[in-house]
Amino acid sequence: MALLFVGTDAARSQEKPATGVTIPNFWNPRSRGERIEAPQTGRAIRFLTDDEFPPLHFAGPDGTPTGFVVELARAVCERLSIACTVQARRFDTLLDALADRQGDVVAAAIPLTPTLRSRFLATRPYFRWPARFAARSDRAAPAPSAQALAGRSVAVLAGSAHAAYLKAFFPEAQAKEFTDLSAAQGALRRGEAEYLFADGLSLALWVGGIEAGGCCALVGGSYLENRYFGEGIGLVTRQEDAALARALDDALQRIWDDGKYAELYLRFFPISPF
């Protein structure tokens with residue numbers, strides 16, 4: 001497998017296996033230590049999630065929670081040899097439910113922020129929100145760079161982190177601001193903008209979906225600067241459950257090491273946002 005190092009503020013490396021799907025690696029090989037066992041509680045560890053945010057967490061055909069985050073949580077339990085349950089709740093109630101001891105771990109797309117860390121513990125990120133460019137497939141648009149985008153039109157959401165990043169690092173691009181992502185996507189599809197710069201996960205789902213009609217593709221690399229796009233997401237526990245948090249962190253590292261992370265990633269991300 002070829003490795004592409006993308007810098008200290010991004011995923012530490014990315015792998016592109018024979019499938020051609022880029023798999024992010026958020027783990028530092030120098031941080032490995034002795035295996036950490038999960039604390040023995042005498043009961044199943046209760047994971048809380050949401051079931052309305054595919055492909056990260058959603059309800060499967062039988063109503064059971066599934067998705068990349070949920071299956072990653074189940075893989076963690078397998079590596080730790082502990083019994084676990086997964087319960088879906090409304091997204092905006094997850095942290096309060098954790099604080100009220102209605103669950104032990106939140107496995108959902110809740111951004112890691114200083115405010116969250118002031119109340120809870122979290123593992124290192126196992127997923128982040130890359131920013132990406134998309135362009136029409138039939139226009140042979142050059143890979144984005146400050147020079148290549150000079151004078152070219154780029155659709156972007158008004159007031160977003162992506163708009164701020166575009167202004168800071170691609171100052172000569174001609175930003176075309178839209179109030180919602182679907183309008184920006186439509187502008188790119190119709191050729192009214194040469195590029196679209198937005199959340200990579202949303203763009204990956206769009207370019208691979210029916211609505212795009214095969215018009216467009218992701219171009220260039222991913223952008224992961226914390227200051228603009230956040231730290232990502234991790235497994236969240238209560239502050240008093242530090243031993244559990246350390247065991248979860250260790251299990252995530254080992255899931256990456258043994259290839260399970262890649263297996264799950266390929267299942268849920270046929271078009272990688274990275």
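Reader: Hi! Is R254 buried, partly exposed or exposed?

Author: R254 is partly exposed, with a relative accessible area of 25%. Buried means under 20% relative accessible area, exposed over 50%, and partly exposed in between (1.4 Å probe, protein chains only). This is a predicted model, where local features need pLDDT of at least 70, side-chain atom pairs count only at pLDDT 80 or more, and totals for chains, interfaces and linings use all residues. Residues are numbered from 1 along each chain as its sequence is written, and side-chain values use heavy atoms, leaving out hydrogens and water.

Reader: Thanks! Which residue forms a salt bridge with R254?

Author: That's D250, with the closest N and O atoms 2.9 Å apart. A salt bridge here is a side-chain nitrogen of Lys or Arg within 4 Å of a carboxyl oxygen of Asp or Glu. D250 counts as buried, at 9% relative accessibility.

Reader: Switching to α9: which of its residues are buried?

Author: In α9 (residues 260-268), they are K260, Y261, L264, Y265 and F268. They fall within an arc of 135 degrees seen down the axis, so they line one face of the helix; the arc is that of the directions from the helix axis to the C-beta atoms.

Reader: Nice. Which residue does E263 meet in a salt bridge at 3.1 Å?

Author: K260, N to O. E263 is partly exposed at 42% relative accessible area, while K260 is buried at 18%.

Methods:
Helices (H or I, at least four residues) and strands (E, at least two) are DSSP runs, numbered from the N terminus.
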